[in-house]
Amino acid sequence: MMSREKLENNQVWLYVIVLMIAAGLGLLAPDFGGQLDVTISFVIAILMYSMFSQIPFTSLKESISNGRFIYALLTVNYLAVPIVVWLLSKLLPEYPPLLLGFYLVLLTPCIDYVIVFTALGRGNEKIILMSTPILFITQMLLLPLYLFLFIGTEAAEIVDPGPFLEAFFGLIVIPLGFAIILQLIAKKFRVGSKIIDLSAWLPVPFMALTLFVVVSSQIGKLSIYIDLIIKVIPIYIAFMMIMPIISKLIARWFKLDIGSGRALIFSGSTRNSLVVLPLALALPDHLSTLVAAIIVTQTIVELVGELIYIRIVPNILLPKKTT
């Protein structure tokens, strides 16, 4: 029987297989694949709950106990990353829907599988886990500000606040609230702990299922946007090459230990694509396909990059000091 740890450690290969199957289905049977889009919101809602249930929101005080790492984490994700993203955006066409997807995905630090990749890269995954409440809260507060700074009033013209807020409330706020309530119950009642333990099995299969329904239902619609998607791929690769170096410099600046430094590198380079995907899908139909495609493309590039990271970060970029 497969353990949860083994499932999590092999999740990237599961996602690669799922992506290939979904792409094949969407291209060979576009009518069937297109019908799956009605399931996207339901699948994402469960995925969001399963991820939020594993974030220790009730231990927020403990999560800020390591002040040096938290300051480094905030510096990387909310100072260094926005500067790099803004500079890289200058290499893209001045097309607001494209830039919206680009900014949505790159300005939000990952709060889920970054923990697993940090562990595989021999970093301090516990310090990342304890920092996830801060990362989630700060990115939700700062994302609208960055969108306004980078896109300006054009962002308001692109985003219809009604469906956007509905998606944010239904696919993020409600699952988040449910997860926090369960964590509070778990502190007093055993049944709450059992539900959270069972929920810990859900993120990997539901992330795979989300990738499947999104890719299979959307890939057949992408032919008219393929020129834009091709242009954004090298920018994503550049981001994944630049951020580990900057993160390493900031880790040294804050005098972090090796494990925390590696964790900082993974956090600065890994993005929150599936959390912002519901916001993209809430856009008007003529925009949602492109914005969602820009976000999912980043996920695909990132998964390949993480396979490289878990070898390069501990062995080359930030190796263990020898005495």
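How do the residues of the lining of the largest pocket divide into nonpolar, polar and charged? Let's start there. This is a predicted model, in which local features need pLDDT of at least 70 and side-chain atom pairs count only at pLDDT 80 or more, while totals for chains, interfaces and linings use all residues. Residues are numbered from 1 along each chain as its sequence is written, and side-chain values use heavy atoms, with hydrogens and water left out.

**Stop 1: the largest pocket**

Select Arg 4, Glu 8, Gln 54, Ile 115 and Leu 129, which lie nearest the pocket's centre among its 31 lining residues. (On a 1 Å grid over the protein atoms alone, a pocket is an open set of points where a 1.4 Å probe fits, with protein on both sides within 12 Å along at least five of seven lines; lining residues have an atom within 4 Å of a point.) The lining divides into 17 nonpolar, seven polar and seven charged residues. Here Ala, Val, Leu, Ile, Met, Phe, Trp, Tyr, Cys and Pro count as nonpolar, Asp, Glu, Lys and Arg as charged, and the others, Gly among them, as polar. The space in the pocket is about 770 Å³, a volume filled by probe spheres set on the grid points.

Now colour the helices (DSSP runs of H or I, at least four residues, numbered from the N terminus). Those that each supply at least two lining residues include H1 (4–9), H2 (11–28) and H9 (125–151).

**Stop 2: H6 against H15**

Next, select H6 (residues 67–89) together with H15; they pack at about 25°, with axes 10 Å apart. Axes are lines fitted to C-alpha atoms over the stretch in contact, and angles run from 0 to 180 degrees between N-to-C directions. H6 and H15 are therefore roughly parallel, a label for angles under 35 degrees, with roughly antiparallel for those over 145. Show side chains: Phe 69, Leu 73 and Val 76 are among the H6 residues that meet H15, where the partners include Ala 263 and Leu 264. Contact means heavy atoms within 4.5 Å.

**Stop 3**

**Stop 4: H16 against H17**

Finally, select H16 (residues 273–281), which packs against H17 at about 170°, with axes 9 Å apart. That makes H16 roughly antiparallel to H17. This contact has eight nonpolar, four polar and no charged residues.

Methods: Angles under 35 degrees count as roughly parallel, over 145 as roughly antiparallel, 65 to 115 as roughly perpendicular and the rest as oblique.
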